[in-house]
Amino acid sequence: MSVLNIKWFWLLLPLFSVGFAQGDANLLLQYNRGPDLDGFYRKWNFDLHLHTVYGNMREDYTVHKISFSAGAYIQYKFSKTFALNSGADYFNLSYQYNLSKNQSYDQLTYLSFPLTLRVFPSRKLHFETGLLYNHLLKAQNTEIVDLKNRSHEYPMGIIRNAFGWLFATQYNVWKRFDVSLQYRFFKKSTNPLNDQINNFDAFLLGIHFFVLNPKKKPL
């Protein structure tokens, strides 16, 4: 081995030794390379929630009232930042007529099925939008509206099933608990001569509980 080669060997040996001796943390600091300790995510999770609903028929002769919604969602994550969400809500909508001859209240109950996309800019925050299908369970008024049957429940076809859309944001406040703010609307064509128009919107303020801890790395 020549003298020149021996000199290079002794010069490079300490550099190689330092490189092998460094841990992941030092390599990450010096070269911005290493394992992403925060890169984990749960593919599946379950969300139990309760919403306060502030909703109305989208007409100027009705007034918003407060009701509630409760349900469960199932979430599937394709990556740390992108997920698909679905499930079911027991969704109530209440409002009052503000007409000279009608000051009654409507109480509508739907089973709502969302199919939405979620985007996670961070572990604590996500944004959501997607399709909503509302299956009507019951539509009642505080006065008798079905004269034939002397019933407070609207006859079939007055209030109907409807598709809609939702926009939401959700934030983690403590451990598995999130709070959310959501806007949803839905519409179905009906007889324009009726006071009851199938055109509704609502704001929802919710609290959510995740069955599996989204901030804990799965085993």
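Contact here means heavy atoms within 4.5 Å. The model is predicted.

Q: How many helices and strands are in the protein chain, and in what order do the elements run?
A: The chain holds two helices and eight strands.

Q: Among contacts between residues at least 6 apart in sequence, what share joins residues at least 24 apart?
A: Take the contacts in the protein chain between residues at least 6 apart in sequence. Then keep those that join residues at least 24 apart. The share is 61%.

Q: What percentage of the residues in the protein chain is buried?
A: Buried means under 20% relative accessible area. The chain has 219 residues. The buried part of them is 33%.

Q: Is S112 buried or exposed?
A: S112 sits in strand β4. Its relative accessibility is 0%. A residue under 20% counts as buried. So S112 is buried.

Q: With which side chain does the side chain of S112 make a polar contact?
A: Beyond four places in sequence, S112 touches G87, A88, D89, F91, L132, Y133, N134 and R184. F91 has S112 on its own list, along with residues including V53, F68 and L204. For S112, the side-chain polar contact spans 2.6 Å, and the partner is N134.

Q: What distance separates the C-alpha atoms of S112 and G164?
A: S112 and G164 lie 52 residues apart along the chain. Their C-alpha atoms are separated by 9.7 Å.

Q: Is L117 buried or partly exposed?
A: L117 is in strand β4. The relative accessible area of L117 is 40%. Buried needs under 20% and exposed needs over 50%, with partly exposed in between. L117 is therefore partly exposed.

Q: Which strands each supply at least two residues of the nonpolar patch?
A: The surface patch consists of F78, F82, L84, L115, L117, V119, L131, F163, W165 and F167. Together they have about 900 Å² of accessible area. The strands with at least two residues each are β3 (82-97), β4 (105-119) and β6 (162-174).

Conventions. Residues are numbered from 1 along each chain as its sequence is written. This is a predicted model: local features need pLDDT of at least 70, side-chain atom pairs count only at pLDDT 80 or more; totals for chains, interfaces and linings use all residues. Side-chain values use heavy atoms; hydrogens and water are left out. Patches are made of residues with over 30% relative accessible area and no salt bridge: like charges are joined within 9 Å, nonpolar side chains (Val, Leu, Ile, Met, Phe, Trp, Tyr) within 5 Å. Accessible areas come from the Shrake-Rupley method with a 1.4 Å probe; for residues, only the protein chains shown count as cover. A salt bridge is a side-chain nitrogen of Lys or Arg within 4 Å of a carboxyl oxygen of Asp or Glu. Helices (H or I, at least four residues) and strands (E, at least two) are DSSP runs, numbered from the N terminus. Buried means under 20% relative accessible area, exposed over 50%, partly exposed in between (1.4 Å probe, protein chains only). A polar contact is a pair of N or O atoms within 3.5 Å; within protein, one must be able to donate a hydrogen and the other to accept it, and residues adjacent in sequence count only if both atoms are side-chain atoms.
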